[in-house]
Amino acid sequence: MDDCSRQEGNQVNRMGDIDNKDYEEELQDEILSGIEEETSAEAEKKKQTDKKENEYEDVCFICRRPESKTGKMFKLPSNISVCNDCMHKTMDTVSRFDYQGMLQNTDWTKGKGFPNISFVNLADLKGEGGIPNKQKLKKKKTKQQAEPALDIKKIPAPHKIKAQLDEYVVGQERAKKIISVAVYNHYKRVATGTMDEIEIEKSNILMIGPTGSGKTYLVKTLARLLDVPLAIADATSLTEAGYIGDDIESVVSKLLAAAENDVEKAERGIIFIDEIDKIAKKKNTTSRDVSGESVQQGMLKLLEGAEIEVPVGANSKNAMVPLTTVNTRNILFICGGAFPDLEEIIKQRLNKGTSIGYTAELKDKYDKEKNILSKVSVEDMKKFGMIPEFIGRLPIICTLEGLTQEMLIKILREPKNAILKQYQKLLELDEVKLEFDEGALEAIAKKALEKDTGARALRAIIEEFMLDIMYEIPKDDNIGRVTITKEYIENTGGPVIEIRSNTVELSKSLNASGDTGI
């Protein structure tokens with residue numbers, strides 16, 4: 001019996017040992033699997049990071065030239081790349097000045113070594129190679145990876161482009177029609193390249209219209225609908241090469257940045273140069289016109305289509321900024337400006353035929369003409385100060401009408417992202433409904449016309465009278481509806497506040513302290 005019980009005890013102990021071993025093995029397997037999962041997650045994360053980094057070309061740390069121009073580079077610690085030319089020049093320079101065998105002496109802590117020379121600490125560069133991605137170009141895709149050229153069947157027809165513009169831009173029917181046709185033809189040209197061996201030339205656009213008439217907004221909407229890179233530049237900051245200010249090529253740099261440094265994508269984009277009237281030729285001046293006529297001359301190659309060297313991630317060329325070549329042949333240039341005093345030049349030309357007699361035209365015939373800009377000619381543009389070569393490269397002239405009171409009312413409520421809809425959405429978040437009566441809209445439009453700054457005046461006016469309302473409404477949860485009245489806009493009354501159970505008209509007008517009487 002003792003032997004049997006002893007054997008049974010030994011068997012139980014062995015089984016316990018087996019169970020413990022199984023448990024330890026399972027625990028070890030779980031730990032190993034957990035480590036493997038963490039390792040695989042880290043590896044996947046590193047792989048994604050490397051993939052993102054691999055999208056960009058390496059840039060030489062010394063000469064700032066990209067890999068596509070220098071060829072294969074030497075890889076140093078901290079992701080620093082040095083091109084073959086710079087590496088050899090550095091070695092030659094150091095070898096030439098090996099004074100008293102300093103190269104052979106590696107113990108620089110004892111006073112010998114390179115005098116007055118400090119070395120770059122590679123650890124300080126934090127693995128970025130000293131050059132951010134915004135100053136690196138994306139690698140050109142191989143033929144297998146390359147995106148297909150624009151499909152001519154996918155380019156929206158002019159009437160479809162205009163219909164989409166109608167949803168966002170009020171009025172300007174002729175301008176929208178001109179731009180729709182011009183853009184359609186341009187991208188057909190880009191998609192086909194040639195047609196029966198006939199090369200189709202580029203047609204850039206010149207937009208002329210008073211301030212606040214929708215020039216910039218029209219272009220922004222167009223680029224969003226076509227899903228192409230858009231760069232908006234200001235002509236006032238441009239100067240001739242070598243002078244303080246932005247280089248002319250900087251407008252292409254902005255397009256390259258908008259295309260995430262993808263040259264192929266940038267070469268199919270749109271560049272809108274605003275305030276183009278500010279580079280008109282200066283009159284009665286003896287000094288060099290570095291920001292006027294010289295800028296127009298510098299832009300000629302850009303507009304026509306040429307291989308342009310542009311700085312990457314900067315507005316001017318310098319030794320510390322990499323350069324790349326962009327072909328502007330398929331870039332659509334749209335120039336816009338208000339051109340003040342152009343109306344007077346047009347009137348002078350139209351009144352040249354004034355004579356004496358019963359059939360003579362009166363000198364003030366065109367004084368009340370609202371859309372006098374639509375009669376503009378190349379001769380008027382030359383007289384304004386634009387050189388003939390520049391105007392010749394902008395063959396499509398598109399004029400925008402000045403906004404009327406009716407158009408301003410439509411702008412307030414009709415577009416998809418109309419300003420009234422924006423404020424209604426803001427108050428909806430407080431569970432309050434905002435309404436405007438017809439008299440209020442007319443009063444707002446009338447005030448905007450007096451400011452003479454176009455559609456931009458609408459937001460300024462609404463911001464002014466909505467301030468007190470948006471400050472006071474969150475105080476009272478019982479308010480369900482606010483109606484803006486004509487009296488409130490004209491400061492002779494207040495808005496109508498509807499409580500969730502009854503309606504109360506505020507007889508007290510808003511005072512300067514912000515008391516709405518709510």
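**Helix packing and a parallel sheet**

Helix α5 (residues 173-192) packs against helix α6 (residues 215-226) at an angle of about 40°, and their axes lie 12 Å apart. This is a predicted model, where local features need pLDDT of at least 70, side-chain atom pairs count only at pLDDT 80 or more, and totals for chains, interfaces and linings use all residues. Residues are numbered from 1 along each chain as its sequence is written, and side-chain values use heavy atoms, with hydrogens and water left out.

**The helix pair**

- α5 and α6 are therefore oblique to each other (under 35 degrees is roughly parallel, over 145 roughly antiparallel, 65 to 115 roughly perpendicular, the rest oblique).
- Axes are lines fitted to C-alpha atoms, for helices over the stretch in contact, and angles run from 0 to 180 degrees between N-to-C directions.
- The crossing of α5 past α6 is right-handed (the near helix is turned clockwise from the far one by less than a right angle).
- On α5, Lys176, Ile179, Val183 and Tyr187 make the contact; on α6, Leu218, Leu222 and Leu226 do (contact means heavy atoms within 4.5 Å).
- These contact residues comprise six nonpolar, no polar and one charged.

**The sheet**

- Five strands form an open sheet with parallel pairing, in the order β6-β7-β10-β5-β11 (strands are DSSP runs of E, at least two residues; helices are runs of H or I, at least four).
- β6 (230-234) and β11 (396-399) stand at the edges with a single partner strand each, so one side of each has no neighbour in the sheet.
- Direction ignored, neighbouring strands are turned by 20° against each other on average.

- β5 (residues 205-208) and β10 (residues 332-337) pair in the parallel sense over four bridges (pairing needs at least two DSSP bridges).
- Methionine 207 has glycine 336 of β10 as its bridge partner.

Conventions:
Nonpolar A, V, L, I, M, F, W, Y, C, P; charged D, E, K, R; others polar.
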